[in-house]
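This briefing covers a single chain and is grouped by topic.

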Amino acid sequence: MTFLAALEERYPATAYAVLPEVANATGHAASRTADALVVGFWPSRGMEIEGFEVKSARSDWLRELKDPSKAEVFYRFCAKWWMVETTPDIIKPDELPPKWGLLRLTNGKLKTLVKAAPLTPETPKRAFWTSLIRSTVRRYGEKGKNDDA
């Protein structure tokens with residue numbers, strides 16, 4: 001099972017939109033991409049945005065630590081921020097920035113290693129909202145074509 005399938009299992013389509021490869025804006029303004037964002041639909045579940053970055057190599061994780069600007073573009077709008085490792089020992093829990101969570105993809109399931117702490121997200125800017133809408137249309141289709149997904 002892929003990361004995306006595991007994310008969809010963790011966040012069912014009846015309550016969440018799972019959006020892979022979301023840019024921080026549309027058009028020429030787009031400069032960064034998050035591996036996935038999940039948007040909650042219901043007030044009872046917080047109507048929150050959670051962000052996910054997948055790391056499949058230790059070297060990729062170390063680059064992320066050296067340049068936090070990639071995560072910051074999305075992190076600031078999220079209620080939780082998660083790093084996902086695809087094999088053990090890519091990310092050492094004590095290396096995580098404060099409040100970041102750590103998941104491991106194992107046998108098609110996402111296992112929580114470090115729980116993400118709640119964040120206080122900023123109100124997203126128009127460029128970010130339009131990117132979320134565009135990602136939603138790309139993922140779920142225009143005019144409800146994939147309502148049963």
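Glu53 and Lys70 form a salt bridge, with their closest N and O atoms 3.2 Å apart; a salt bridge here is a side-chain nitrogen of Lys or Arg within 4 Å of a carboxyl oxygen of Asp or Glu. Glu53 lies in strand β3 and Lys70 in helix α3, so the pair ties together parts that are 17 residues apart in sequence. The model is predicted: local features need pLDDT of at least 70 and side-chain atom pairs count only at pLDDT 80 or more, while totals for chains, interfaces and linings use all residues. Residues are numbered from 1 along each chain as its sequence is written, and side-chain values use heavy atoms, with hydrogens and water left out.

**Salt bridges**

- Glu53 counts as buried at 2% relative accessibility, whereas Lys70 is partly exposed at 23%; buried means under 20% relative accessible area, exposed over 50%, and partly exposed in between (1.4 Å probe, protein chains only).
- Asp60 forms a salt bridge with Arg63, the closest N and O atoms lying 3.7 Å apart.
- Asp60 and Arg63 are 3 residues apart in helix α2, so about one helical turn separates them.
- Asp60 is partly exposed, at a relative accessible area of 23%.
- Salt bridges with shared partners join Glu53, Lys55, Asp60, Arg63, Glu64 and Lys70 into one network.
- Glu95 and Arg58 also meet in a salt bridge, at 2.6 Å from N to O.
- This pair links distant parts of the chain, since Glu95 is in the loop between β4 and β5 and Arg58 is in helix α2 (residues 58–66), 37 residues apart.
- Glu95 is partly exposed with a relative accessible area of 21%, and Arg58 is partly exposed with 26%.
- The count of salt bridges comes to 10.

**Secondary structure and strand pairing**

- The chain has 4 helices and 6 strands, where helices (H or I, at least four residues) and strands (E, at least two) are DSSP runs numbered from the N terminus.
- Along the sequence the pattern is α-β-β-β-α-α-β-β-β-α.
- Strands β3 and β4 run parallel and are joined by 6 bridges; two strands pair if DSSP finds at least two bridges between them.
- Gly51 has Trp81 in β4 as its bridge partner.
- β4 also pairs with β5 in the parallel sense, over 4 bridges, and Trp82 stands opposite Gly101 in β5.
- Of the 6 residues of β4, 5 are buried, so this strand is largely enclosed by the rest of the structure.

**Nonpolar core**

- The largest nonpolar core has 41 residues, and those with the most contacts inside it are Phe3, Leu7, Leu37, Phe52 and Trp81. Such a core is a set of buried Ala, Val, Leu, Ile, Met, Phe, Trp, Tyr and Cys residues joined through side-chain atoms within 4.5 Å.
- Elements giving two or more residues to this core include α1 (3–10), β3 (49–55), β4 (80–85) and α4 (126–140).
- Leu7 touches Val18, Ala36, Val38, Phe52 and Leu110, leaving aside residues up to four places away in sequence; contact means heavy atoms within 4.5 Å.

**Overall dimensions**

- Of the 149 residues, 40% count as buried.
- The C-alpha atoms fill a box of roughly 45 × 35 × 30 Å along the principal axes.
- Among contacts between residues at least 6 apart in sequence, 58% join residues at least 24 apart.
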